[in-house]
Amino acid sequence: MTAVSSADLDKVFGADVAGDTTEARAKNSRREFVRGQTMLAEASPEATGHRMAAAEALYNYGFDTLRTAVEKGQAVLVRERAEPARTLTRYRDALGYAREHLARLTKVPVDDIVRAETPGKISSIRTLERLAIPLAIDERYLGVRDQPNGEDLGVRLRELANGQDHQFRLSPTAVAALAEGAWVIARQRSLEAQLKRATFFVRERFEPDGDYGYPTYLNGYRLAAQTRDLLKLDPEAPIESMRALVSDTLDIPLVQTKMGASFAGATIAHGSERGIVVNIDGANQNVWVRRMTLAHELGHLLWDPAEQLNRLTVDRYDDLKVNSPQRRDPVEIRANAFAIALLAPPAAVDRIVQTANDVASAVYEVSRHFGISVSAAQAHVGNVSRVRVVMPRPGQPIEASDEMRATEDFTVDYFPIGNLPPSVVGRFSWVVARALVENLISLDTAAGLLRTTPDKLDRHTLDYILALTGPR
Amino acid sequence: MASNARTVISFGKYRAAHQPDQPMNANAARFAGDTDQMAADDGLESWVDGPVDDRLDEPVARPIFGGKPAGQHLWIVTADDVLHAPEACIFGQKRGAGFAKHSNLTGGGSAFAGGEVAVLDETTIAITGSSGRYRLRSAEELKSIEIAFAESGYNVWSMGYNQDTNRPNTFETDIDPEWVSL
């Protein structure tokens, strides 16, 4: 790689900009670039395309492209006549979306989609980006370069939407939510890389484990204990917040979304990135159920070999019940056992049972102490201590404490900007705000990523987002 | 001798609407010999009027260029002439860039704007407004140039202008050209 001359740095980022490296100069530069469908240019007041901070344009397209944009007035990003029409069509086909369906999802008129999918036609970059996101395409590279394995996710979603088993058939709402979730996961990871955040690289510490052998639940228990060990967690202490464990300790992208009443969550592999999508509809509104969902998906993400994850594993609420009769797939049995053992380590549960006055009291204590539902605790106590569990008729329902609710809260209840999709609220919004504050992305980009308008992202709001959604 | 009466009038209108001319852009990449003045012997010519008197309706088939057309020329509008010359030529090969640059057509002097032109047949040309050295200042300026070329006696395809980037489209991106109708 040739060193960049000081004169070129001055030309591209401005002569009065400090910094020892190309990246530092870019970060300190106030210059912006603007992208259209096929070209990148220096930003000008008249340009209507997507404005990018210098550091962002550098990260996305490299220094040579920026230098060309400055020297020639613009640089070619897309040379192939077939692009980006071909990519948009392929991804839409992979998901099995009719143009009319994509039009409803994106509020882009069908005629504009036809134009975007016609080679040789120019569309507004903002239209193209609106089409890209629900198709799980990284909009920065739309038409610019191939996105390896990107279509596989769409194919898998289509298979799940058209599956033979009605119980497992994904609704159009769930398909759209998962595709968007995949996009959020990939973009969050990319922004973290840009921020140079020292993220916890799961793949370096957790070697996938392909042992689903009988008795499968014991493998789940083993992996739960191993997880606590690798994370240096007390082997028997309650996990205060599954959200914090996933999102803060393990730095796993965690996306909340609306998937309808049946599905609890999903583990998604998109490109080289993995993340968890959690439904905020249905039973997950109960914090104990949500903790179990997160623990179950974590079991998939940490320990399932890639071929088991199949780029996408979607779980229904019924599948996540301890001793679920619904699904006898060993992969799911192991994830269920992992989840309950991670939240309520069997040895600690057994000790509570042995010291309790009666089994029912032990069940309530296990539920309260470890933050799991009474029904989950009931099944778990029976499994672990080999006792018959007969619960008295339910009286006053037991509910999670306010403290636990707060620690598991995904900031769904309140966010300083109204009407944002739930998928971008949470850690993703923190990463976006952080990147904007550090001048790694433009205001235009930040607003686009959060599906809002630039005027909503004033400094006060950014500070609020950073305080609300940052690592705790 | 070829006439340029229509060219003088049509580009005169363009110049009047887009004063003043501009020096070579300071950010343009510099190469050895990039302001050496080309001469007629090197392929530099003044634009001459074409044979078209009546505009055609837009043809059904649009040309597809697949990148820069072979043998394309550079055009430049100066204060008193409209010049063109081949981009790939012996003159250019002997200079640092390996190609002629717009500044070789002006000798490094001022000009209104520059671009590229490909002759498709004796009546039809395709143009861009792409020059890093003498840049278009607006979409409207390209419109004005398209009309000037058309009024000089040619059917014109133009690669057009992209408002997203506020820059002209180029042959390199291989998009559909637009038919210029008067």
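The contact between the two chains takes 18 residues from chain B and 26 residues from chain A, where residues are in contact if their C-beta atoms, placed from the backbone, lie within 7 Å. By class, the chain B side has three nonpolar, nine polar and six charged residues; Ala, Val, Leu, Ile, Met, Phe, Trp, Tyr, Cys and Pro count as nonpolar, Asp, Glu, Lys and Arg as charged, and the others, Gly among them, as polar.

The model is predicted: local features need pLDDT of at least 70 and side-chain atom pairs count only at pLDDT 80 or more, while totals for chains, interfaces and linings use all residues. Residues are numbered from 1 along each chain as its sequence is written, and chains are lettered from A and ligands numbered from 1 in the order in which they are written.

**Helices of chain A**

- Helix H10 (residues 172-195) and helix H21 (residues 427-437) of chain A pack at an angle of about 35 degrees, with their axes 10 Å apart; helices (H or I, at least four residues) and strands (E, at least two) are DSSP runs, numbered from the N terminus.
- Axes are lines fitted to C-alpha atoms, for helices over the stretch in contact, and angles run from 0 to 180 degrees between N-to-C directions.
- Residues of H10(A) in this contact include A:Val184 and A:Leu191, and those of H21(A) include A:Phe428 and A:Val431.
- The residues of the contact of H10(A) with H21(A) comprise seven nonpolar, two polar and three charged.
- In helix H13 (residues 242-249) of chain A, the buried residues include A:Met242, A:Leu245 and A:Val246; buried means that 20 or more other C-beta atoms lie within 10 Å of the residue's own, with C-beta atoms placed from the backbone.
- Among the elements that the buried residues of H13(A) pack against are helix H14 (287-303) and H21 of chain A.
- A:Asp251, which follows H13(A), has a positive phi, near 55 degrees.

**Strand E8 of chain A**

- Five of the five residues of strand E8 (residues 312-316) of chain A are buried, so E8(A) is largely enclosed by the rest of the structure.
- A:Leu312, A:Val314 and A:Arg316 point one way from E8(A), and A:Thr313 and A:Asp315 point the other way.
- Strand E6 (residues 263-270) of chain A runs antiparallel to E8(A) and is joined to it by five bridges.

**Sheet of chain B**

- Seven strands of chain B form an open sheet with mixed pairing, in the order E1-E3-E2-E4-E5-E6-E9; strands pair if DSSP finds at least two bridges between them.
- The edge strands are E1 (45-46) and E9 (178-179) of chain B.
- B:Ser46 stands opposite B:Leu83 in E3(B).

Terms used:
A residue is buried if 20 or more other C-beta atoms lie within 10 Å of its own, exposed if 12 or fewer, and partly exposed in between; C-beta atoms are placed from the backbone.
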